[in-house]
Amino acid sequence: MTAGSRQRLHPLTPLLKGARLLATGIAVFSWNGYERLGPLHWSLTVLAGLGVAVVVSTAAWAVTGFQVAERELRVREGLLWRRSRAIPLERVQSVDLVRPPLARLLGLAELRLEVIGGKRSEGSLAYLTAGEAARLRTRLLSLVSGRAPEPPASEEGAPTGPPTGPGQEGGAPTGPGQIDGTGPAERVVHTVANRDVLVSQLLTVPTWLVPLGIAANLVPLMSGMDWSFIQVASTLTALVGVAQLPVRRVVSSWNFRISTEPTGLRLRHGLLETRSESVPPQRVQAVSISRPLLWRRRGWSRVRIDVAGYGAEATLRVGTLLPVADQHLARAITNQVLTDACGHRDRPVDVTRLALAAPPSRARWLSPLACRHLGIAVTDQVVAVRQGPLPLFLTIAPLTRVQSVRVVQGPLQRALRLAVVHVDTAGIRLPLIAYHRDEAEAHALAETIATAARAARRGAPAARTTS
Amino acid sequence: MSPRLAWIQVIATLFWVIVIIAGFGVVRSWDTSGRLWPIAVALVALTLVRGGTAVRSVRSWGYAERDDDLLVRHGLLVRRLSIIPYARMQFVDVSAGPLERVLGLATVTMHTAAAASDARVPGLAGPEASRLRDRLAALGETRSEGL
């Protein structure tokens, strides 16, 4: 590949960005200022503001540059805090052309590079001429697909499925036209009884707070006998606010069905609006089985899942895998999801066989209640962490999803020779944190996890490209 | 880590002391009761202590490039050690603030898909920062086993 020379953004960039800066400024100060200053002074201030904004943006533009070198995109920017970023093109999930209205007017476009796990675009080139942006996009995409085994992850970033599955990907959580009819290859595995959903929600702390909240709202109303419209309306709003969470959970978990497809699991649920979400096994970061205190007598668990996306898709994340289920089913579904996520169907994951190691007994000085429940286990496929007691939960992540491992030790822990092991995945909802391990054990664990994760990555099917 | 990093921390601390003192000066011009002085003194003392620990805190930073991963350790009170496989690298940043640039230092940050990954190596001399950046980028590419 030829190393391209260093390039600049379009010279009109400062004007556009300056205008944007100014618009924000006006939005902040505007009406208040307009009233005080009067039209003439106000417009002068705006002009001065525009001048400053353009000068700042021009300076920023002057130091910004990008370069396609070998298989990297290098972006240099920043006026005071200089930053140069090197993005290996293998890691790019999608290259998008974005054209905000003002830029479109000037025939300009922004190029955004998405990498997985990023909450926003990690590489953004604003602005280029539309033609140049399109050319650069084509060039980057060809470089992205050049050596990487997967097809260019441009449109959906859809990775090819595991060898057993067909190439189609159910990445979009709500597939049009698939809301109600089940597809031909789909088989319903389990339906959660609506009665259980209702009962289980009655047995959670937020629900128990509802009567309290209602009472707190009604008592002043009754005693004061002030039936003005505002009073009634505000009370009603407050009541809705209090009852919202449990009701929303029940509504969204209504008619909860899990079915299997060739690519993984599909969830359908909802009372008012039926949602259909697919669980792409390649993106499962972690699964957690939790047992709230009041559910234990019934032997119920809730299973949650953390699925990573990128860019706009990051917001469409599957959260609940099973709103309520008995232990047996919860484990079975968890096993299935993890086995799919690990990519070895011949070597199923079994969460009941995890040998959880307890922390040393001196950990009770720091967490007298939780100490009994803490535990961590590492197998050749997954890493699992148990925490408790309110709620008691077990979080499991496939080793192939482990991004980094950290050992953190606070002053109190140092005195007790304890340390915390964090296992980081691209997910954010279900963190894996093993509290209060023995100091030496923590470092050994971190090393073990790092090594096991490396081995798991090497053994993973080559087609699986996305976490 | 370059010992010059300690200078940055000391200068930054001094900067804050000046800001705080100036802030109290402004407040005092309105409030003449003088009750604010103890707080100001305490703040100044705190920042001075912070400046004093700068050298030790800079020494606590360390990193090691191993075959498959980067180790970064830092922290005095809360000690942190991170293991970040090169295979997980998504991109590398080299950044330098105004003070760092004056002293010829830069910070190299390796980003993974996990927001929590802590792979920041501050206070590297310019050439060393470029070397580390290039090495990480190259390793990230060759060790890349897919995400």
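A nonpolar core is a set of buried Ala, Val, Leu, Ile, Met, Phe, Trp, Tyr and Cys residues joined through C-beta atoms within 7 Å. A residue is buried if 20 or more other C-beta atoms, placed from the backbone, lie within 10 Å of its own. The views come from a predicted model, in which local features need pLDDT of at least 70, side-chain atom pairs count only at pLDDT 80 or more, and totals for chains, interfaces and linings use all residues. Residues are numbered from 1 along each chain as its sequence is written, with chains lettered from A and ligands numbered from 1 in the order in which they are written.

**View 1. The largest nonpolar core, with helix H9 of chain A.** The core holds 115 residues, of which A:Val337, A:Val383, A:Val421 and A:Ile449 touch the most other members. Helix H9 (residues 439-459) of chain A supplies the largest share, seven residues; helices here are DSSP runs of H or I with at least four residues, strands are runs of E with at least two, and both are numbered from the N terminus. Beyond its neighbours within four places in sequence, A:Val383 is in contact with A:Val378, A:Ala397, A:Leu399, A:Val402, A:Val423, A:Leu432 and A:Ile449. Contact is assigned if the C-beta atoms of two residues, placed from the backbone, lie within 7 Å.

View 2. Of its 467 residues, 38% count as buried. Among contacts in chain A with a separation of 6 or more, 58% are between residues 24 or more positions apart.

**View 3. The open sheet S7-S8-S9-S10 of chain A.** Its four strands follow that order with antiparallel pairing, where two strands pair if DSSP finds at least two bridges between them. Strand S7 (187-191) and strand S10 (275-279) of chain A are the edge strands, each pairing on one side only. Neighbouring strands are turned by 25° against each other on average, direction ignored; the axes are lines fitted to C-alpha atoms. Strand S9 (residues 264-269) of chain A runs antiparallel to S10(A), joined by five bridges. A:His269 has A:Arg275 in S10(A) as its bridge partner.

**View 4. A:Leu267 in strand S9 of chain A.** A:Leu267 counts as buried because it has 20 C-beta neighbours inside 10 Å. A:Ala325 is 58 residues from A:Leu267 in sequence and 15 Å away in space, C-alpha to C-alpha.

**View 5. The contact between chain A and chain B.** Chain A contributes 41 residues and chain B contributes 38 residues. On the chain B side, strand S3 (79-85), strand S4 (91-96), helix H3 (98-102) and helix H4 (126-142) each give two or more residues. S3(B) gives the most, with seven residues. Strand S3 (residues 82-88) of chain A pairs with S4(B) in the antiparallel sense over five bridges, and A:Ser84 stands opposite B:Val94 in S4(B).

**View 6. The two domains of chain B.** Domain 1 (4-59) and domain 2 (62-142) come from the domain assignment of chain B, which is automatic or from a database. Their centres, taken over C-alpha atoms, are separated by 30 Å. Ten residues of domain 1 of chain B are in contact with seven residues of domain 2 of chain B. Helix H1 (4-30) and helix H2 (37-60) of chain B each give two or more residues to the domain 1 side, with H1(B) giving the most, six residues.

Terms used: Axes fitted to C-alpha atoms, helices over the stretch in contact; angles between N-to-C directions. Buried ≥ 20, exposed ≤ 12 C-beta atoms within 10 Å, placed from the backbone.
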